[in-house]
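Me: I would like to go through this structure term by term, with each label set against the rule behind it.

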Amino acid sequence: IWNRAFVLPNMSAAETVNWCYLVSGIVALVIVEVVIPWFRDGSTPGGSFVRMTFETHPRTVGYRLLFYVARSVVLGMLLVFPVLVAPVLVVFYLILRKMPYDYVP
């Protein structure tokens, strides 16, 4: 019983590994890009090290939540579709000097 690979129900060992990688990656992204910055005024762990924040101005709780959701969606799209999203974000920033989520009041 101890020499068998751990598998989730109705999945192969490879599918279980892929699923665990996906879930752990999403959890890590949420912790590093949402939870930690929420409690540190917009600074990720790396941003805290160099004393930077991605929040451009103070926001109420509702707008702050909307800002974090919008930022998470942009980062998620960048991770899933980097070839499509990265050029759009670069052009967006070069023209407007802001990222899309910076337009949340």
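Predicted model: local features only at pLDDT ≥ 70, side-chain atom pairs only at ≥ 80, totals over all residues.

Reply: Residues are numbered from 1 along each chain as its sequence is written, and side-chain values use heavy atoms, with hydrogens and water left out.

Me: Why does Phe67 count as buried?

Reply: Buried means under 20% relative accessible area, exposed over 50% and partly exposed in between, with a 1.4 Å probe and protein chains only. Phe67 has 0% relative accessibility and therefore counts as buried, and Tyr101, at 10%, is also called buried because of that value.

Me: What makes up the largest nonpolar core?

Reply: A nonpolar core is a set of buried Ala, Val, Leu, Ile, Met, Phe, Trp, Tyr and Cys residues joined through side-chain atoms within 4.5 Å. The largest one here has nine residues, namely Phe54, Phe67, Tyr68, Val74, Val85, Leu89, Met99, Tyr101 and Val104. Helix H3 (61–80) and helix H4 (82–96) each supply at least two residues of this core, and the largest share, three residues, comes from H3; helices (H or I, at least four residues) and strands (E, at least two) are DSSP runs, numbered from the N terminus.

Me: Why is the pair of Phe67 and Tyr101 called edge-to-face?

Reply: Rings of Phe, Tyr and Trp (its six-membered ring) pair if their centres lie within 6.5 Å, and planes under 30 degrees apart count as stacked, over 60 as edge-to-face and the rest as tilted. By this rule there are six aromatic pairs. The rings of Phe67 and Tyr101 have centres 5.6 Å apart and planes at 80 degrees, so the pair is edge-to-face. This pair links distant parts of the chain, with Phe67 in helix H3 and Tyr101 in the segment after H4, 34 residues apart. Ring pairs also join Trp38, Phe54, Phe67, Tyr68 and Tyr101 into a cluster.

Me: How do you know that the charged end of Arg59 sits over the ring of Phe67?

Reply: The rule asks for NZ of Lys or CZ of Arg within 6 Å of the ring centre and within 35 degrees of the ring normal. The charged end of Arg59 is assigned to a place over the ring of Phe67, 4.0 Å from its centre, and that of Arg64 to a place over the ring of Trp38, at 4.5 Å.

Me: What makes Glu33 and Arg71 a salt bridge?

Reply: A salt bridge is a side-chain nitrogen of Lys or Arg within 4 Å of a carboxyl oxygen of Asp or Glu. The closest N and O atoms of Glu33 and Arg71 are 2.7 Å apart, and the two form a salt bridge. Glu33 lies in helix H1 (residues 13–39) and Arg71 in helix H3, so the pair ties together parts that are 38 residues apart in sequence. The whole structure holds two salt bridges, and Glu55 and Arg64 also meet in one, at 3.1 Å from N to O.

Me: Which side chain of opposite charge is nearest to Asp102?

Reply: Lys and Arg count as positive and Asp and Glu as negative, with His and the chain ends not counted. For Asp102 the nearest side chain of opposite charge is Arg59, 4.9 Å away, and Asp102 is buried yet has no salt bridge. Asp102 lies in the segment after H4.
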